[in-house]
Amino acid sequence: MTHKPYGMSDDDRRAVEADVARLIHEYTWANDAQDWQKCASLYTEDAVFRRPSGGDPIIGRQAILDSFLARPARAQRHTIANILVEVEGPATARAKSVIVLYMGDVPEEGGLPVQDSKSPLIGTFTDLCALTPQGWRFKERVGGLDFRP
């Protein structure tokens, strides 16, 4: 028997699952493009973000944007897998996913990036998502590594 949060229909629940999965994928593509404005726009104004690499929580959309802008540029590619969305209600959902991050430096002479010796990194994201007037957004995004680099 399928869990029906707040009496939602199966179709409504599946729509939320698809929308939240799309949010995760949209964030991944923006992150790899280093489109920090887009990444930050996918958080609520009061969101909390914890990087998979650790550190203090970053609180608020503007602080999240500032943290992205402060990062040095690098070649990167994230792979997201095993997305599982648990719908809590019509405007809230939790999600978890596995991340694999490949990173490296772009050679001065151009061409393909040289993969970093710490790459790939493997970890997870655990998300609390909320439906806003702008669509689904991350209210909390907590990353963690599964293996030491």
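How many residues apart in helix α1 are Asp-10 and Arg-13? They sit 3 residues apart, so about one helical turn separates them. The legends below take this pair and two others in turn, all from a predicted model.

Close-up 1. Asp-10 is partly exposed, with 24% relative accessibility, while Arg-13 comes out as buried at 12%.

**Close-up 2. Glu-45 and Arg-61 make a salt bridge between a strand and a helix.** Their closest N and O atoms lie 2.6 Å apart. This one ties together distant parts of the chain, 16 residues apart: Glu-45 belongs to strand β1 (residues 43–50) and Arg-61 to helix α3 (residues 61–69). Glu-45 is exposed, at 58% relative accessible area, whereas Arg-61 is partly exposed, at 22% relative accessibility.

**Close-up 3. Asp-127 and Arg-141 pair up in a salt bridge between two strands.** Look for an N to O distance of 2.7 Å between the side chains. Asp-127 comes from strand β6 (residues 121–132) and Arg-141 from strand β7 (residues 135–145), so to speak two distant parts of the chain, 14 residues apart. Buried or exposed, these two, Asp-127 and Arg-141? Both are buried.

Key. Residues are numbered from 1 along each chain as its sequence is written. This is a predicted model: local features need pLDDT of at least 70, side-chain atom pairs count only at pLDDT 80 or more; totals for chains, interfaces and linings use all residues. Side-chain values use heavy atoms; hydrogens and water are left out. Helices (H or I, at least four residues) and strands (E, at least two) are DSSP runs, numbered from the N terminus. Buried means under 20% relative accessible area, exposed over 50%, partly exposed in between (1.4 Å probe, protein chains only). A salt bridge is a side-chain nitrogen of Lys or Arg within 4 Å of a carboxyl oxygen of Asp or Glu.
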